[in-house]
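Please keep the sequence and the structure in view while reading.

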Amino acid sequence: MAEPDDDATVAVVGLAVRVPGADRDLDRFWRHVAHGIDAVSFFTPEQLLGWGVPKDLVEHPDFVPARAVLDGADRFDHRLFGYSPSDSALMDPQQRILLECAWAALEHAGQPPVAADGNRTGVYVGTGLNVYLLDNVWPNQRAVEAAGGLGLIIGSDKDFAATRIAYKLNLQGPAVTVQAACSTSLVAVHQAVQALLTYDADVALAGAATVAPPTRRGHRYEPGGIFSADGRCRAFDAAADGTVPGDGAGVVVLKRLADARRDGDTVHAVIRGSAINNDGLRKAGFTAPGPTGQAAVVSAALEVAGVDPDTVGLIETHGTGTALGDPIEVAALRQVFDSDRPDRAPCALGAVKSVVGHLDTAAGVIGLVKTVLALKHRTVPPIAHLSTPNPRIELAGSVFELPVAARPWTPIDGVLRAGVSSFGIGGTNAHVVLEAAPDPAPRRRRHVTELVLVSAKTAAAAEDAVDRAVGFVARTAPGDLADVAYTLRTGRAELPWRAAFLTGPHGPAAGTGAPAPAARQVDAKARARGVGLHLTAAGELTGNRPNYDADPVYRATADEGAALLRGQPLDEPARERATRLVACVGLARSLRGRGIAPDELAGAGLGLLAGAVVAGVLTLPEAVALLRGDPAPARPRPAGLPLRPAGGEPLTDAECADPARWRAAALAPAAPQPPPPDADRLLWVEVGTSVTPRFGPDPSTLPADRHARLLATVGALWQLGLAGPWDPAYDTGRRRVPAPTYPFAATRHYLDAPATHLETEERHH
């Protein structure tokens, strides 16, 4: 059995779903899977007629009014993606849902959903038939004429499913729409894996969506057909007579395992290998399953993975619950997995269709997500509705078992492995070999105050996002908050409505009853004004230990200063001035390291000397030497930032280059600091031995803890739009972790199909 090669193994680093009964909630989806709770809905004749289902179909004796449906499939966050309401209403809801899933999956992976230029992120997705176009859009002649031919095609054609995501999220790797009927999304996963292994992409999204309008909420039962007589999918059960259609979507984010480890990603599971093929003529008919092709694709995936079939403990089957399909699928699996190994542990079969129905193009990726969750929970889930195994399925003497209740998943040869199958009408088969994620590398947990940044496109979405973030922080272990704050800062889009809050005793999640922070819109006027640092070097000398412990940029300056002062014969006043200088420089550098780019520095006396160090006119050793009265001449340089004595004009290059100016600043007696200049032009932050914003927040409301105070200042500036990326020093050893994703503020954008009976006055309104 081959050991995994990190460069040839693919990590699943992000997941997003829209599934019946659980919508976007992965935890709820897992609970339904683990307890065998299905999500099929049943509808009244009045509902069906009101949605436009033909009356003769509703009244047909073989009509089954059932489907596993999504709540809110008619809704879309058009503002987030920059679509007009009219364009949103014309667009295929499957592509709208897929776009939201792509955004959420990237956020779940800790990746910014709108990528930076130069990225190599690929997209491999597909959709089902656009029934919405046929049933809802075409009958609306006014909307069709208003859209025009090209507009209608752009919003409706499957060809644009992948490129729409790439365009809206700035993803610059391959963007390919994949179509293979029911196996579409697992074929898309295989394509994404291949793109990563051939270095066509460094990150890849894969998945699909299938959503039908309410006009298709039901089906006719045909004996021996694919759809069940009572709206239940009883995979592998004696009473199995077909599946039930469902709506859903899923997207996974994949990376090479070596890259995921390097980047500190959370690895949910790994893909050891995958394969696709087609049955060709080796089956009874175009729509019939082909055991030879199924067995071949499973064998090929295992061979690519270098995995012994005897070590696989779970197979997530295609599992349609049909009289023909289930026995053929098990027969094909027996060709691959039947074993002579005497201690061969049983291999469980799974069938997510018994929980969410047949999600058509999205079925494979939802089976994959289910299996990833099973690996994470180390649990073999049951097959819903299974009471008596189908006697036509030959399990005697095989390695397979049909679980009727969840049970712990025992590793085989020390590892948890699973396979996921998906077979499409027309014969395109796909199989993926999964393995439990390797143990993450140990990391140093940090127990310090963190700054949490939250943003959204609208005020309402921002309020929701803040509430979710505050609740999540309250449930997170203190040692993990650094990773959460890092993920929310670097793995989200920076949108115009923003809020910032602190963790620990200074934040709203501390249980003190403090209100959640209010979101505010980025202030264009404030952004145009810019930031100034008023350097005073004044304040209490003690109290910066929290900054030293938590802030690597401040700590580096403090350590450099301590080394310069060590063993120096300084009197107490000179040592105090040197200590103030170091603290002031360290805090100013910390603000800059946290994305605050000052437009100007101002100060007087010792504060001006600190400004000279921050602006690059002097090095810290040169400034400390001046404080010691060292006769060695300083070699001043031009200022890298406008630097002005408080109350004066910015220094010229010639004035900066005058050593006498800096000797005078070093020897200037302590005096009350004048106010910063041009208070109406810049937003000033006073930097002494602590940080105090001279804009917005009332200083009396800021934390006394100096590290928390600095972070609160950074958060206030970020809310205004005046903070950029942080120095990578702050993120050393941090991991991307699952954290609250975007709370899509969806509104209804939908063209209703004509009803088949007179609408009530209420429907008109």
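Four elements, α6 (93-108), β19 (451-456), α16 (459-474) and α17 (481-490), each give at least two residues to the lining of the largest cavity. The model is predicted. The points below begin with that cavity and then move to other parts of the chain.

**Largest cavity**

- Three cavities of 30 Å³ or more are counted, and the largest holds about 210 Å³ of space.
- Its lining is made up of 18 residues, and those nearest the centre of the largest cavity are Leu-453, Val-454, Ser-455, Leu-488 and Arg-492.
- Strand β19 contributes the most to this lining, with three residues.
- By class, the lining of the largest cavity has 12 nonpolar, two polar and four charged residues.

**Second largest cavity**

- The second largest cavity contains about 120 Å³ of space.
- Of the 16 residues that line the second largest cavity, Arg-446, Glu-450, Arg-594, Trp-726 and Tyr-730 lie nearest its centre.
- Two or more lining residues come from each of α17 and α26 (706-720).
- Helix α17 has the largest share of this lining, at four residues.
- The lining of the second largest cavity divides into nine nonpolar, two polar and five charged residues.

**Largest pocket**

- The volume of the largest pocket is about 790 Å³.
- The pocket is lined by 27 residues, with Asp-25, Leu-26, Asp-27, His-108 and Ala-739 nearest its centre.
- At least two lining residues come from each of β1 (10-18), α1 (26-35), α6, α15 and α16.
- The lining of the largest pocket comprises 14 nonpolar, five polar and eight charged residues.

**Val-466 in helix α16**

- Val-466 belongs to helix α16.
- This valine has a relative accessible area of 2%, so Val-466 counts as buried, the cut-off being under 20%.
- Leaving aside residues up to four places away in sequence, Val-466 touches Val-454, Ala-499, Ala-516 and Pro-517.
- One of these partners, Val-454, is also among the residues nearest the centre of the largest cavity.
- Val-466 and Arg-498 are 32 residues apart along the chain, and their C-alpha atoms are separated by 8.9 Å.

**Helix pair α10 and α15**

- Helix α10 (residues 184-197) and helix α15 (residues 363-377) have axes that come within 4 Å and cross at roughly 70°.
- Helix α10 is therefore roughly perpendicular to α15, a term that covers angles of 65 to 115 degrees.
- On the α10 side the contact is made by Ser-185, Leu-186 and Val-189, and on the α15 side by Ala-363, Gly-364, Val-365 and Leu-368.
- The contact of α10 with α15 has five nonpolar and two polar residues, with no charged residues.

**Helix α9**

- The buried residues in helix α9 (residues 161-169) include Ala-161, Ala-162, Arg-164, Ile-165, Ala-166 and Leu-169.
- Among the elements that cover the buried residues of α9 are α4 (78-81), α6, β6 (121-127), α8 (141-156) and β7 (175-177).
- An α-helix has 3.6 residues a turn, so residues three or four places apart point the same way.

Definitions and conventions: Residues numbered from 1 in each chain as written. Predicted model: local features only at pLDDT ≥ 70, side-chain atom pairs only at ≥ 80, totals over all residues. Heavy atoms only, no water. Axes fitted to C-alpha atoms, helices over the stretch in contact; angles between N-to-C directions. Parallel < 35°, antiparallel > 145°, perpendicular 65-115°, else oblique. Contact = heavy atoms within 4.5 Å. Nonpolar A, V, L, I, M, F, W, Y, C, P; charged D, E, K, R; others polar. 1 Å grid on protein atoms, 1.4 Å probe; cavity = no way out; pocket = protein on both sides within 12 Å on 5 of 7 lines; lining within 4 Å. Points joined across faces, edges and corners; volume = space filled by probe spheres on them. Buried < 20%, exposed > 50% of the residue type's maximum accessible area, 1.4 Å probe, protein only.
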